[in-house]
Amino acid sequence: MTERRHDLGGWHTGVAHVGANVASIDYDGWVYGASDSVEAWIDRDGSWHESGWPSCLRVPRGSGRLVGDVPVRFAAHEVTVDDQTWRPIVAVDCRTNGSRAR
């Protein structure tokens, strides 16, 4: 059985631990994650993007390094499949490094 909860309280602020198109955020006793793409993201200028990888979580081209820790706002869903539960990040807000938390 697959179940998807959308009621995790909206936006949260956390520190994303970022590598090449992967991110994890420790928040509220859970580790939230994303890889390759999120469902939506807001760039530093406030423009919405439908899917893709958030610009604030990108590894600079040719750097060969990890981004490190990036403060962001994020939203997630809870997914349960066959009694296994995880919380994928579905949206990221890159404006002012997460300081717009409400």
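**Close-up views of the predicted model**

View 1. Arg87 sits in the loop that runs between β9 (84–86) and β10 (89–93); strands (E, at least two residues) are DSSP runs numbered from the N terminus. This is a predicted model, in which local features need pLDDT of at least 70 and side-chain atom pairs count only at pLDDT 80 or more, while totals for chains, interfaces and linings use all residues. Residues are numbered from 1 along each chain as its sequence is written, and side-chain values use heavy atoms, with hydrogens and water left out. With a relative accessible area of 10%, Arg87 is buried (under 20%; exposed is over 50%, partly exposed in between; 1.4 Å probe, protein chains only). The side chains of Arg87 and Tyr32 are joined by a polar contact of 2.9 Å (a pair of N or O atoms within 3.5 Å, one able to donate a hydrogen and the other to accept it; residues adjacent in sequence count only if both atoms are side-chain atoms).

**View 2. The aromatic cluster.** Tyr32 also belongs to a cluster with Tyr27 and Phe74, linked by ring pairs. The structure holds 3 aromatic pairs (ring centres of Phe, Tyr or the six-membered ring of Trp within 6.5 Å; planes under 30 degrees apart are stacked, over 60 edge-to-face, the rest tilted). Tyr27 and Phe74 pair edge-to-face, at 5.7 Å centre to centre and 85° between the planes. Tyr27 is in strand β3 (residues 22–27) and Phe74 in strand β7 (residues 68–76), so their pair ties together parts 47 residues apart in sequence. Tyr27 is partly exposed at 27% relative accessibility, whereas Phe74 is buried at 0%.

How values were computed:
Helix = DSSP H or I, 4+ residues; strand = E, 2+ residues; numbered from the N terminus.
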